[in-house]
Amino acid sequence: MANPSQLGFQDAASPVMEELLHFHDHTLMIVFLISTLVLYIIVAMVSTKLTNKYILDSQEIEIIWTILPAIILILIALPSLRILYLMDEVNNPLLTIKAVGHQWYWSYEYTDYEDLGFDAYMIPTQDLTPGQFRLMETDHRMVIPAESPIRVLVSADDVLHSWAVPSLGIKMDAVPGRLNQTAFIASRPGIFYGQCSEICGANHSFMPIVVEAVPMTHFEDWSSRMLEDA
């Protein structure tokens, strides 16, 4: 969950998000060094009247300022491609959940069970209990086992939506008539919040997503209770 006046990302709760945070810090350091160099050159050019005739026409400098940016781009591109492929990997998921976006709520279907599914509506402000977050809580949470590979199939019933949970490093578009998939592993038990990240209508900002990661034994108890209620 993001904090007030927070400048950085949320704490990583999945291996992919940890990789994204490392890549962000890596790229930010490169950008910082480039900005410092450019600022130094600008200040040096403005503050001195001296010129060097060897700099005005030098093939060596042209070679340097051609090769150096290419090396920097490679240092950024290789880690980026690695993470891109990691985000597309779906290896033997333990559980598959189908998330369908509606105006304006989410419905979840646990496809590995015969009859386990529910709709998740935002809890109105007047019904919140102490400790719950305004505009972020739902009446049903998407419960998953922690430290287990989870596959999420994302689609929409009416207009474009987007299923996004920042701390898990997930953002997948929900397109009517199309079934997209993503996968993640919750590194630890906890409650992770997200929202629809697509401008899908008047109540776009009132489609919260709550993922609750619990130990496997607790997940089995929860699924048994949900099947009995169904």
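Predicted model: local features only at pLDDT ≥ 70, side-chain atom pairs only at ≥ 80, totals over all residues.
1. Domains. The assignment divides the chain into domain 1, residues 15-88, and domain 2, residues 95-229. Taken over C-alpha atoms, the centres of the two domains lie 40 Å apart. Six residues from domain 1 and six residues from domain 2 take part in the contact.

2. Area between the domains. Domain 1 and domain 2 bury about 390 Å² between them. Carbon and sulfur atoms account for 53% of that area. On the side of domain 1, P15, M17 and M87 supply 78% of what is buried against domain 2, more than any other three residues.

3. Helix α1, residues 15-47, gives the largest share of the domain 1 side, with five residues. By type, the residues on that side are five nonpolar, no polar and one charged.

4. Salt bridges in the whole structure. How many salt bridges does a search of the whole structure find? The number is three. In general, side chains of opposite charge can pair when their charged atoms come close. The next two points take up the pairs.

5. E19 and R82. A salt bridge joins E19 to R82, with 2.9 Å between the closest N and O atoms. E19 is partly exposed, at 24% relative accessibility. R82 is likewise partly exposed, at 47%.

6. The R141 pairs. R141 meets E137 in a salt bridge, at 3.4 Å from N to O. The side chain of R141 also forms a salt bridge with that of E212, at 3.5 Å from N to O. This second pair links distant parts of the chain, 71 residues apart. R141 lies in the loop between β3 (117-120) and β4 (142-145), while E212 lies in strand β10, residues 208-214. Through shared partners, the salt bridges join E137, R141 and E212 into one network.

7. Is E137 buried or exposed? E137 counts as buried because its relative accessibility is 2%, and the cut-off for buried is under 20%. R141 has a relative accessibility of 24% and so counts as partly exposed. E212, at 23%, is partly exposed as well.

8. H102. This residue is found in strand β1, residues 95-102. H102 is buried, with a relative accessible area of 13%. Its side chain makes a polar contact with the side chain of S107, at 2.9 Å. Which residues does H102 touch, not counting those up to four places away in sequence? They are S107, D157, D158, H161 and M207. T182. Strand β8, residues 180-185, holds T182. With a relative accessible area of 9%, T182 is buried. Leaving aside neighbours within four places in sequence, T182 is in contact with I150, R151, V152, I170 and M172.

9. G8. This residue is placed in the segment before α1. G8 counts as exposed because its relative accessibility is 52%, and exposed means over 50%. The C-alpha atoms of G8 and E60 are separated by 40 Å, and the two residues are 52 residues apart along the chain.

Definitions and conventions:
Residues numbered from 1 in each chain as written. Heavy atoms only, no water. Domains from an automatic or database assignment. Contact = heavy atoms within 4.5 Å. Buried area = accessible area lost by both parts, 1.4 Å probe. Helix = DSSP H or I, 4+ residues; strand = E, 2+ residues; numbered from the N terminus. Nonpolar A, V, L, I, M, F, W, Y, C, P; charged D, E, K, R; others polar. Buried < 20%, exposed > 50% of the residue type's maximum accessible area, 1.4 Å probe, protein only. Polar contact = N/O pair within 3.5 Å; in protein donor to acceptor, adjacent residues only side chain to side chain. Salt bridge = Lys/Arg side-chain N within 4 Å of Asp/Glu carboxyl O.
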